[in-house]
Amino acid sequence: MKAKITLAKEFKIGEIDKRVYGSFVEHLGRAVYGGIYEPGHATADEDGFRGDVIELVNELNVPIVRYPGGNFVSGYNWEDGVGDVSKRLKRLDLAWGTTEPNTFGTNEFMKWCRKAGTDCMMAVNLGTRGPDEARNLVEYMNHKGNSKYSDMRISHGYKDPWDVKLWCLGNEMDGAWQMCAKTATEYGRIAHEASKMMKWTDDRIETVLCGSSSRASLTFGDWEAQSLEIAYDSIDYVSLHQYYDNKTDDTSSFLAKTLELEEFIYTVICVCDYIKAKKRSNKTINLSFDEWNVWYHSNNKPFDRWSMAPHILEDIYNFEDALLIGSMLITILRHCDRIKIACLAQLVNVIAPIFTETGGGVFKQTIYYPFYHLSNYGRGVALNPIVNCEKYDCKEFTDVPYVESIATYDEEKEQLALFAVNKSQDECQELSLKLLDFDGFEPVKFISMDGYDCKTENYFDKEIVNPHENPINKIDKEDMVFELKPFSWNVIIFQKNS
């Protein structure tokens with residue numbers, strides 16, 4: 001098959017906010033205990049943080065991490081996780097049916113963020129708690145001193161404020177599984193008051209309103225419209241959450257899920273702009289896609305109820321999952337003019353690109369690599385490539401392009417990057433690439449992942465799926481041709497001649 005991509009600097013979608021390469025750590029399973037935090041581990045530092053995990057987080061170049069949930073946050077009392085560790089009490093976590101020891105809490109996470117080179121996206125409990133506890137946490141985290149909660153932080157050994165700039169107003173409050181779930185109007189009112197009081201405490205912060213827990217939610221659309229109409233003036237972003245699965249074992253439909261994702265994003269943008277018009281506002285609400293991933297391999301696996309840090313939701317990802325993750329990130333970047341934050345959920349062990357053995361080693365899951373490539377090479381501005389390729393039909397979708405692609409241009413580095421997925425399981429794509437206004441740019445690196453069965457997985461000492469570099473043969477600058485192998489992830493880097 002043949003495909004053609006045309007690129008130009010003027011095909012600009014928007015500036016890429018680095019926070020679209022964020023992630024998520026929840027007090028769930030082994031995300032914290034045995035994941036980022038494991039005192040006594042061979043690589044652990046003086047704070048108990050696993051050095052091998054921090055090394056991989058640094059490699060992924062993750063700019064922001066959402067914490068502490070997730071469903072967990074809707075029942076979390078932040079005061080349980082601060083102060084003298086020896087005096088902290090265990091709590092039953094009703095969200096996941098486990099016991100939370102509280103030996104790792106807010107200040108420990110902030111110290112971990114500093115060592116991992118990332119910022120915190122803090123979530124407040126608007127389930128069992130409310131605006132008062134939320135503004136108290138902002139005071140604890142961000143106020144300099146000479147007040148009740150800032151002085152409490154100082155007494156805990158942290159003189160300088162943490163200055164957390166981004167705050168989630170609860171989590172999935174439309175979901176019946178959530179502690180103290182709410183109607184859209186109930187939530188809109190509480191979120192508005194919380195955001196208002198939090199910003200009165202620190203006027204430098206931004207807040208994220210909970211959108212629907214997924215596109216499949218019965219209240220999707222109405223939830224966003226009703227809660228936004230109440231809270232529009234006090235908030236800055238609306239959240240989106242979306243997970244995909246391949247329970248039907250239909251790879252063609254699975255890789256086409258980005259068509260549904262595209263519609264989901266577009267719909268939320270339309271709702272935001274509808275409320276903007278209705279309120280006659282000059283303010284534009286942007287999006288925070290703060291939970292997204294593939295999630296289904298580990299569902300319904302049993303564990304001991306009320307145990308601490310059990311092995312739950314530990315998906316082992318395969319090669320087709322990696323291709324969809326790459327395609328989902330491409331779709332997110334296609335909307336970087338409105339999506340300013342995105343968090344791959346989650347970071348370690350729990351539906352995550354990094355997987356550890358408690359007391360043992362660590363490995364990179366298949367999904368690690370597309371995220372790594374985009375996070376490290378996909379900076380600057382996003383360019384909309386004009387793609388001409390064949391399409392296919394499958395059980396769930398029609399007119400699915402075989403090639404999904406995005407390009408990014410980093411003017412400071414004078415670097416152009418093209419990312420492409422070939423969804424054909426048995427045919428190469430002869431890709432003809434035309435650069436309209438990138439004079440002096442030449443391909444310097446062609447990375448791909450290909451040649452694997454769709455179900456191939458990585459594991460400890462068996463990292464089978466990984467990227468490799470392809471030779472760049474002499475290429476006619478006027479008519480560059482690259483071969484995209486069947487069922488492959490591809491990254492082509494161009495650099496301007498000095």
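This is a predicted model: local features need pLDDT of at least 70, side-chain atom pairs count only at pLDDT 80 or more; totals for chains, interfaces and linings use all residues.
Biologist: Which residues other than glycine have a positive phi here?
Modeller: Trp306 is one of them, at about 70°. Trp306 sits in the loop between β11 (286-294) and α9 (319-333). Ile351 is another, with phi near 35°. Ile351 belongs to the loop between β12 and β13.

Biologist: Where are cis peptide bonds found?
Modeller: One joins Tyr67 and Pro68, with omega about 0°. Pro68 lies in the loop between β4 and β5. Another joins Ala345 and Gln346, again with omega about 0°. Gln346 is in the loop between β12 (339-345) and β13 (354-356).

Biologist: How do I read the sides of a helix?
Modeller: An α-helix has 3.6 residues a turn, so residues three or four places apart point the same way. Now take α4, residues 148-155. Its buried residues are Tyr149, Ser150 and Arg153. They share one side of α4, because they cover an arc of only 105° around the axis. That arc is taken from the directions from the helix axis to the C-beta atoms. Lys148 and Ser155, on the other side of α4, are exposed. The buried residues of α4 pack against α3 (131-142). Contact here means heavy atoms within 4.5 Å.

Biologist: How many residues of α2 are buried?
Modeller: Eight of its eleven residues, so helix α2 (residues 106-116) is mostly covered. Among the buried ones are Phe109, Met110 and Trp112. Their cover includes α1 (51-60), β4 (64-67), β7 (119-124) and α3. After α2 comes Gly117, with a positive phi near 70°.

Biologist: In what order do the seven strands of the open sheet stand?
Modeller: Strands of a sheet pair through backbone hydrogen bonds, either parallel or antiparallel. DSSP must find at least two bridges between two strands to call them a pair. Here the order is β2-β15-β19-β20-β25-β22-β23, with antiparallel pairing. β2 (12-15) and β23 (468-469) are at the edges with a single partner strand each, so one side of each has no neighbour in the sheet. Look at one pair: three bridges join β15 (residues 381-383) to β19 (residues 403-410). In that pairing, Leu383 stands opposite Ala407 in β19.

Biologist: What does Ala407 touch?
Modeller: Leave out residues up to four places away in sequence, and its contacts include Leu7, Val381, Leu383 and Leu418. Ala407 is buried, at 0% relative accessibility.

Biologist: How many salt bridges does the whole structure have?
Modeller: Side chains of opposite charge can pair when their charged atoms come close. The cut-off for a salt bridge is a side-chain nitrogen of Lys or Arg within 4 Å of a carboxyl oxygen of Asp or Glu. A search finds 32 of them. In one, Glu46 meets Lys115 (3.0 Å, N to O). Glu46 is in the loop between β3 (22-24) and α1, and Lys115 is in helix α2, so the pair ties together parts 69 residues apart in sequence.

Biologist: Which parts does the pair of Lys455 and Asp249 tie together?
Modeller: Their side chains meet in a salt bridge (2.8 Å, N to O). Lys455 lies in the loop between β22 (441-449) and β23, and Asp249 in the loop between β10 (237-244) and α7 (251-255), so the linked parts are 206 residues apart in sequence. Asp249 is exposed, with a relative accessible area of 51%.

Methods
Residues are numbered from 1 along each chain as its sequence is written. Side-chain values use heavy atoms; hydrogens and water are left out. Buried means under 20% relative accessible area, exposed over 50%, partly exposed in between (1.4 Å probe, protein chains only). Helices (H or I, at least four residues) and strands (E, at least two) are DSSP runs, numbered from the N terminus.
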